[in-house]
Amino acid sequence: MGRIKNLLHARSMSSFAFLVILFLVVGLINPAFLTPSNISACFNTSVVYTLVAVGMAFTLFIGEIDVSVGANLGLVAAVVGSMLRDGQSMGLAIIVGVVIGAMIGLINAWGVAVMKAPSLIFTLGVNGVLRGIVYVYTNGAWVENLPKGFKDFSSVTAVGDLTVYYCATIVLVAVIQLLLVRTKRGRYFHAVGDNAQGATLVGLPTRTTKILAYVICGVMAAIGGIIFCSRIGFVTPASGNGYEMKAIAACVLGGISLLGGVGSVVGSAIGAVIMASISYLLVFMGFSSNYDNAITGIILIVIVVVDALLQRRAIVKNRHARLAARVSSGTEVAAAAMEKAQEGGEA
Amino acid sequence: MEAADSQNGTVGRDEARVSYQVPNTLLSVQNIYKSFGSNEVLKGISLDLCESQVLALIGGNGAGKSTLMKIIMGIYSADSGEITIAGKKVDISNPKAALEHSIYMVPQEPMLFPNMTVRENVVIGFDEGASELESRLKSVMAEIGWSLDLDCKASTLSIAEQGMVEILRGLMRNPKVLILDEPTSALTFDEVQSLLACVEELQKKGIGIIYITHRLSEVFEIGTTVAILRDGIVTTQGNVFEFTRDDLVRGLLPEDASVDGATTGDSACEIDYSQEPVLRVRDFSGYGFSDVSFDIYPGEIVGLAGVVGAGRTEMATTIFGRDKVLGGSVTLNGQDITGRKTRQVISMGLNYVPEDRFNDGLYRIRGVAENTTSALLSSSRMGRFFLNSKEEERVSQSYVDRFRTKVTGLDQEVGGLSGGNQQKTVIGRAFSTSPKVVILDEPTRGIDAAARGDVYAVLQELRDTGVSILLISSDMEEIVELSDRALVMYQGRIVQEFGKDQIVQENLTAAAFGVYQADAKAVTD
């Protein structure tokens, strides 16, 4: 019972409710939207965002951020895409892609966890460097002519209209969530983000946890890059641009606090679906999908501001309640004083 | 009557001391040296801690207590020297290693995970299974007789409760050595008593405790041995019963200072109460205090006593425009300042020196000069557009000279000053705005005895220039020493006012704990 209650109270539940309401509202405006294939399409499109957002969630849990995921994804997509185009084996391409992602994660971890540079700026710099490497590597050209089988695999469905990619991602998210909640080490990410100094004092491996978070983030963005390749079918030098904002917005929408220590990867996965749906929903509501980025930005700003406001208000309210509880009514003081004085006299 | 009680308590503890004294050394540090850059913080510290000992560690700010503890906990590593645990030399390079050697430190500021539950906070970092941890937690809590809601979030706990969770964390690790860093500084009277009782329980179980404190009374109440740190060396060490209060004060003071130098003697100064009061507070209410009325006259130091949480700071910050006024009025020199913005309150002639000089008071990474004059930046005195750096220097130097602030130069970072010198800088800043009334909140908390004397002299000097001071202090001696008149707050109300001749610690303490009665003396005598 308690477990079900906890589940209902989880922050990710409100984002799930938001998703459902969003779909229903769009359905009211344009009933043509509410078909299984349209709704599945929203989920299927979200697969890359989900992977990147889940990785991003780890860096947010530890109270940091990684804005290099977009370029990371772009670089891995370009490398994997060109390897496959040139006839390299699938397995090798995937291994190379994941290793690149892990390396980028390590570089970010070195800057943030070892050198203690501010994570936003450090990863922004890494993002610039990686994007530069993509342009140099591809010579500014598109990576095209990917093997047909690789491209076609992205539309293979597993359950109903849901693709194999999306179903596999859901399983991955579920496993990660279980590891985070059920294992001792899983809790370390939140602990480090909640109070890094306190974590050190109770003997938690603070630095290792931070390094791990960045490596996970890098690897998830790399996997996102590989799937991106397969789904889109070609890679431009600008591929992955803006994915960092989508991923951060997805996490925040899913109830993850930018201050660290709060949230779940399930939340970020739900947020990713909302993010992926926006351009789709815009079309159904009769708007241009050009509004997509602006709307994503607005959602991010609104949530962050409301969150900050609520948090501040809660703190002030708690403080006032605590202070008010300390003040006694005048008569009470006199009575208490009398009583104590009398006790004193008797003893 | 109360005195008799505590007398009995002390006797009981003395007996306990004798029967539990086992010469079995748990922890021994030998010849520890540590410097940060050119700053030598520890110069050859040697200390021993035996089973069932409570080693009271006292010393001024910057004496090296925290550095030493951080070395024992593996947060810093010593430049030289060795640490032995139960006779074996050990290498403690990180907190994890310290925990493995059964050493646990309860830090001065609780280090909880605010978004986790109490239970998660306590059991995190253990390798055992959940059910085993749960039963151990239950038994530990039963043993020390605490009840805490394990499922509530740590962010909802009071400071005292957070401290309890920290101690629970320590106990779960079956520590042999427990370090308590000023555990009572944020606690109320009752909480202090339950904490001290808990420490005694732990002592009976054979745990060695290092108890860092600023309150000398606690040394006698709970310590078995005492060590005084000053400027990185242990000046005094031995069994508590060998020392008197004066011995300890002497150990805290620099060798060239006499004990009397720490206090400034009687400061009798006739206040003309027929004048118009400079500050008039009437039926003033806000969050944390209610119906407060008092007057302050020109050139007067009014002490405001009370226990932590009595609403003194809240009242001061509300007058200063930091919080919402719920009723009543405050008049400064005939002008109504009720509910004004802080900026206006300052310009009308009232300033406030906060209790927490780190978070509310100072720009830590800026120099002394910039800090001193930062309150003047909006006035034309510091230049109309470009900063008048000559004036900045002149003003700052005048306060440094006047207050005898120890600085290497006006550009020294304030974060690197000792507590006393930081406090002098903040006070200097408050007075640089030429206020008529200054509210000082715990001006000497965490400051060593010598610097305290300096601060007192500064305050008296300022008073003599006609400034009125409202002195909020939990240190009753301080109020006795400085005040021309004293008010006492209890549960958000002013319950008592004492004239100069009535200001004695006994009266203040009784009123602060809500048990003062003008004729109570007659009853108890």
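Let's begin with distance: taken over C-alpha atoms, the centres of domain 1 and domain 2 of chain A are 41 Å apart. Domain 1 covers 2-287 and domain 2 covers 296-347, with bounds that come from an automatic or database domain assignment. Before I go on, a word on ground rules: this is a predicted model, where local features need pLDDT of at least 70, side-chain atom pairs count only at pLDDT 80 or more, and totals for chains, interfaces and linings use all residues. Residues are numbered from 1 along each chain as its sequence is written, while chains are lettered from A and ligands numbered from 1 in the order in which they are written.

So where do the two domains touch? Nine residues of domain 1 of chain A are in contact with six residues of domain 2 of chain A; contact here says that the C-beta atoms, placed from the backbone, lie within 7 Å. On the domain 1 side, helix H13 (243-253) and helix H14 (265-284) of chain A each give two or more residues. H13(A) gives the most, with six residues. Helices and strands are DSSP runs numbered from the N terminus (H or I, at least four residues, for helices; E, at least two, for strands). What classes of residue are on that side? There are eight nonpolar, no polar and one charged. For that count, Ala, Val, Leu, Ile, Met, Phe, Trp, Tyr, Cys and Pro are nonpolar, Asp, Glu, Lys and Arg are charged, and the others, Gly among them, are polar.

Now chain A as a whole. Its secondary structure comes to 16 helices and two strands, and its C-alpha trace spans about 100 × 55 × 35 Å along the principal axes. Of its 347 residues, 44% count as buried. Buried is 20 or more other C-beta atoms within 10 Å of a residue's own, exposed is 12 or fewer, and partly exposed is in between, with C-beta atoms placed from the backbone.

Is A:Gly87 buried or exposed? With 7 C-beta neighbours inside 10 Å, A:Gly87 counts as exposed. You'll find A:Gly87 in the loop between helix H5 (69-85) and helix H6 (90-114) of chain A.

On to the cores. In soluble globular proteins, nonpolar side chains tend to be buried together. The largest nonpolar core here has 158 residues, and A:Val52, A:Ala53 and B:Ile72 have the most contacts inside it. A core is a set of buried Ala, Val, Leu, Ile, Met, Phe, Trp, Tyr and Cys residues joined through C-beta atoms within 7 Å. Helix H12 (residues 206-232) of chain A provides the largest share, 16 residues. A second, separate core of 72 residues includes B:Phe289 and B:Ile472.

Strands pair if DSSP finds at least two bridges between them. B:Gly286 stands opposite B:Phe289 in E12(B). Two residues lie between the strands, and B:Gly288 in the turn has a positive phi of about 100°.

Finally, confidence. Chain B averages a pLDDT of 80, with 85% of the residues scoring at least 70; pLDDT is the predictor's confidence in each residue, from 0 to 100. Over residues 1-22 of chain B the pLDDT is below 50. For the complex, the predictor gives an ipTM of 0.77 and a pTM of 0.74.
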